[in-house]
Amino acid sequence: MNAILEMRGITKTFPGVRALDNVNLVVREGEIHALVGENGAGKSTLMKVLSGVYPYGSYTGEIHFQGQERRFRGIADSESAGIIIIHQELALVPLLSITENIFLGNEPARYGIIDWDAATERTRALLRKVGLRESPATLVGDLGVGKQQLVEIAKALSKEVRLLILDEPTASLNESDSEALLSLLLEFKAHGIASILISHKLNEVSRVADSVTVLRDGMTVETLDCRAEPVSEDHVIRRMVGRELADRYPRRQPRVGEVLFEVRDWTAHHPLDAERVVVKGVNMAVRRGEVVGIAGLMGAGRTEFAMSVFGRSYGRRISGQAFIEGREVDLGTVPRAIGNGLAYVTEDRKHLGLILNEDVVHNVTLANLDGVASRSVIDEMRELEVANDYRRRLNIRCSDVSQTTLNLSGGNQQKVVLSKWLFAEPRVLFLDEPTRGIDVGAKYEIYTIINQLAAAGKAVVVISSEMPELLGICDRIYVMSEGRFVAEMPAAEATQEKIMRAIMKGEEKVP
Amino acid sequence: MTSEIQGALKPERAAPFAFARRHLREYGILMALIAIMAFFGIVTDGTLLNPLNLTNLVLQNSYIVIMALGMLLVIVTGHIDLSVGSVVAFVGALAAVMMVQYDMHFVPVTILSLLVGAAIGAAQGSCVAFFKVPSFIVTLAGMLVFRGLALTLLDGRSVGPFPAEFQRLSSGFIGDAFAGLTPIHLTSLLLAVAAAAALVFMSARGRAKKLRYAVEQEPFALFLAKNAVIAGVIVWLGYLLASYRGFPNVLLIMITLIVLYTFVTMRTTVGRRIYAIGGNEKAAKLSGINTERLTFYAFVNMGVLAALAGLIFAARLNTATPKAGLSFELDVIAACFIGGASASGGVGRVTGAVIGAFIMGVMNNGMSILGIGIDWQQVIKGLVLLAAVFLDVYNKKRA
Ligand SMILES: Nc1ncnc2c1ncn2[C@@H]1O[C@H](COP(=O)(O)OP(=O)(O)OP(=O)(O)O)[C@@H](O)[C@H]1O
Ligand SMILES: [Mg+2]
C-alpha cells in the first residue's frame, strides 16, 4: 500500500537539547499508526514538526505528504493539507458552546456575518459522527474530559482531514470513554482516514494499531507491522526502554502499622453551587506503611475529596474531622496541611502543579523553601544539590536542572511535581493519578518510589482511574461513587469486576 | 540507564556567542543603556555627561527608580499599580501641609508620610488580594481619588517652601572626609571604587561557586568583559559625580534600596514566592504559599515607596503642587517593561527595572538638552517602550 506520509531524516534541536535525531516515519494510506516511546523520547516534538508548530526551517529533514514535499510554515498550512493534530493538552474554550468551539476561526459566514443555523446543523451532524449525544449549545466547560475529547475530534472532522494526529488522547479518559474513542478511530480507518496515535497504554496500541513506530532518545528504533503478525507488548516495551522489564509492578513486603491518618464524616459542597454536595460523609483511615487506593470513575469526587482535605483547596461548606495519630488536626489552609505532614500531588500538573516559566530547581523546592534556606535566605547551591538529587533519583530527563519546566515532556513534568512533594517530606501523601501520561518504565520507577515511601512508614493514598494499577500497588482499596465511599476491600481480594460492581451499586442507590 | 539518557540529550557546548545569544535580554538592556548614553553624550556635545548634568540626572531619576523597585514586585505578582503618580502628589501635599501650615518637625512628618503611603497601599492591596477586584480597576480608582485629594489638601495652590533640613533629602550631598585635600570629592570616588570592587568580587565568588557545582556558566571571556565594563562605568560615573559636588544623598538611598531589593528578589524565600505567585498562582497556593498575603504586601510596599518618592520629589521642587507626579506611573511602568518584566507576571528583575528607569531618564534628559519638545519626547519614549517589548516577544518566540 502507498505511503501517505513520509518523514525523512528529521532532526530538531532546542538550545542545549537534541530532541529528534534523524527520525524516519512512514505512515501508509488509511492505517492507524501508533507512535510509542518513553517520556521525552520526542513523540510530541515529532508531531509538532509535522503539523507546522515548528515551521519549516526550524528543523532539518524532509516531509512528504501525499507524494509531495511539504514545507509547512504554520498550523494553517498543515491543516489545509489535511493534517489535523489534537494536542496532548486540549485546546477548547470552556466558556463557548460546542458549536462555537468547533467553528472557532472557521465560522461559516456570508459577508462576515456568521450563519449560526448552518453551523448548528453541521455541528449536529458532526456530533452524531463521533457519537456524542449533547446539544450543540452546551458549554464545553460543562462537559467531562471524555466528551471534550470527542468535541476536539468533531472539530478535527469539520475540516478536510486526511491524517489525524492524536497525542495521548486517552491519558485522562476512563475505560469506557477510551473504548469509545478507539472504536471511532477504527471507524475513521474504514472511511480511509489515516491516523497517528501516541499513547503510553500499550494494550490500546496493540488493539487498534496497524503499525507501531518506537522512538527512543530522539531516534527511530524500529517500525513494527502488526498486520502480518500481532506484536507482543513485551517486545515493544523492550524496544522502548532498551532493556528487559520483568514485572509491571515492583514487589513489596507490606509492613502496616497503626492508623496514621483518618478523616471522619468528610463532606464538601460545590464551590459555585453551594447546594450541590460533591463529597458525602466520607470516612477513611490510612495506616503507617500502607498504600491505599481510591477507585472510581471520572467525576466520582475523588480529586475533590483529596483537595478539600488538603487545606480546603476545593469546595465550600466543608465539614468533617481529620486526625493524625489519633489527635484531631486543623487542615484549614494549605500551609497548615503541609505543616501537619500532608502532601497532595495534583493530577493537573500544568495548571495546579508547576510554575511553567520557572526551571526545575525552583519547582522542586517550592513547597519546602525553608528546607534550602537559613533565616529566609536561600542557599542556591544547596538548592541545586537537592534538585540534582531528585533528578537522579526519579530519572528526570532534562538538559540540566535549569531547564524551564514548560519545555519538559509531559512525563518528566509529572516527575518534577512528584519531586516537589517528596522534598516537602510529608507523612501522608495523596497521589492523584500519579502515572497519567507516564511511560511504562517511568511508571515502574514511580511505583518503586511509592513502595519506598510506604517502607519508610508513610501513609500513601493513590487515586487512579487505572484499576490494574490500583490492584498492582495497593494494600487496600476504597471505591468511590457519586461522592461517597461505597465499598472497601483488601487489594488481595479485589478484582476489576468487584470494583465495577461496587460502583454500579453505588450509582443505583442514588435516586 | 541514567548515563545512557544523559548521553542522548547531547548538551551543546556553551560557546561565548551562543551563550550571549541565549541571554540576549540581560546583556542587551545594559548595552542599550550604554548605547543610549553614548548617543546622547555625542549629540549633546558632552553636555549629558558633564558633572553638573549627571548629578541632575541622578536627582531627576531617583524617584522613578525608587518606585520602579516597588512596581517590579507588583508586576511580578501579576498586577499593576496606576495610582503611584497620584500618591506622589498626595503625600507631597500632606507633608507640605504638615510642615508649612502646621510647622511640624520634618522627622515625624517623614515617618507619618511613609505610614500614610503604607495605608494607601494596604487599602488598595486588600481590595486586590482579598476581594479579588482587578488591580487595574482598583488603582485606576486610586489614581483619581488621590489626585483629587491632593488638590483638596492644597486647595489648588502650591505650598512651600520647606525647612532647609527637609530639602537636604533631595538636594543635599554626602560629606567629604578629605574635604580640601583634593579638588574632587574623594570620598565619593572612593565609594564608587569600593562599590565596583564589591560587585566584581561578588560575581567572581558566585562564578567560582557555580563552577564548583558544574553549573552551566557564562564563558570566561564574556564574564571578564561584562565585569570590566560594569566596573569601569561605575568608577567613571563616580569620578564624574565626584568632580562636581560628590554623591547626592538620594543616590545613597537609591543604591541601598536597589541592593536590598535585588537581594530580596534573588535570594530570599519571600522573593521566590512572589515570583511563584506571578508564574502560576494556583500552583503556588497549592504549594503552601499564602498568595493573598504576599500580594497584599507587594501593594503596601509600593505605597511606602511611592510615599518616599513623593517626599523626595517635593523636597526637590521645594514646594508641593497638585500637579506633582503627573504621569509618573507611566514612566515607572515603562521602566519595568523595558527592563524585561512580563505583563502576565512571574518574570522580571530588579536590575532590569533600574536600568529601564535610567534608559527613560537619560532619554528625558538628553532630549530636553537637545530642545526636543515634550510632545516629541513622548512619541519617542513610547516607541522605545514598544521596541523593547517587541524584542522580548520576538526573542521568546524564536527560542
Ligand atoms: N521548547 C523546547 N525547548 C527545549 N527542549 C524541549 C522543548 N520541547 C521539547 N524539549 C525536549 O525535547 C525532548 C522531547 O520532548 P517531547 O515532548 O517530544 O517528548 P514526548 O515523547 O512527547 O514525551 P511524553 O510522553 O512525556 O509526552 C524532551 O527532552 C524535552 O525536554
Ligand atoms: Mg508528549
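This is a predicted model: local features need pLDDT of at least 70, side-chain atom pairs count only at pLDDT 80 or more; totals for chains, interfaces and linings use all residues.
Residue numbers start at 1 in each chain as its sequence is written, while chains are lettered from A and ligands numbered from 1 in the order in which they are written.

**Stop 1: the ligand**

Select ligand 1, which lies between chains A and B. Its shell holds 21 residues, a residue being counted if one of its heavy atoms lies within 4 Å. Show the closest: A:Asn39, A:Lys43, A:Ser44, A:Thr45 and A:His200. By class, the shell has six nonpolar, 12 polar and three charged residues. Here Ala, Val, Leu, Ile, Met, Phe, Trp, Tyr, Cys and Pro count as nonpolar, Asp, Glu, Lys and Arg as charged, and the others, Gly among them, as polar.

**Stop 2**

Which atoms lie 2.5 Å apart at A:Thr45? They are an oxygen atom of ligand 1 and an N or O atom in the side chain of A:Thr45. At A:Ser44, a side-chain N or O atom is 2.7 Å from an oxygen atom of the ligand. A:Gly410 takes part through its backbone, with an N or O atom 3.2 Å from a ligand oxygen. A polar contact here is a pair of N or O atoms within 3.5 Å. The protein covers 92% of the 640 Å² of accessible area that ligand 1 has on its own, by the Shrake-Rupley method with a 1.4 Å probe.

**Stop 3: helices at the shell**

Now select helix 1 (43-50) and helix 14 (410-423) of chain A, each supplying at least two shell residues. Helix 1 gives the most, with three residues. Helices are DSSP runs (H or I, at least four residues), numbered from the N terminus.

**Stop 4: domains**

Colour chain A by domain 1 (3-241), domain 2 (259-341 + 426-509) and domain 3 (351-423), with bounds from an automatic or database domain assignment. Domains 1 and 3 of chain A each give at least three residues to the shell around ligand 1.

Next, view domains 2 and 3 of chain A, whose C-alpha centres lie 25 Å apart. Their contact (heavy atoms within 4.5 Å) takes 15 residues from domain 2 and nine from domain 3. About 960 Å² is buried between them, 74% of it from carbon and sulfur atoms; buried area is the accessible area (1.4 Å probe) that two parts lose on being put together, summed over both.

Finish on chain B, with domain 1 (15-171 + 271-398) and domain 2 (173-247). The C-alpha centres of these two chain B domains lie 25 Å apart.

Terms used: Side-chain values use heavy atoms; hydrogens and water are left out. A polar contact is a pair of N or O atoms within 3.5 Å; within protein, one must be able to donate a hydrogen and the other to accept it, and residues adjacent in sequence count only if both atoms are side-chain atoms.
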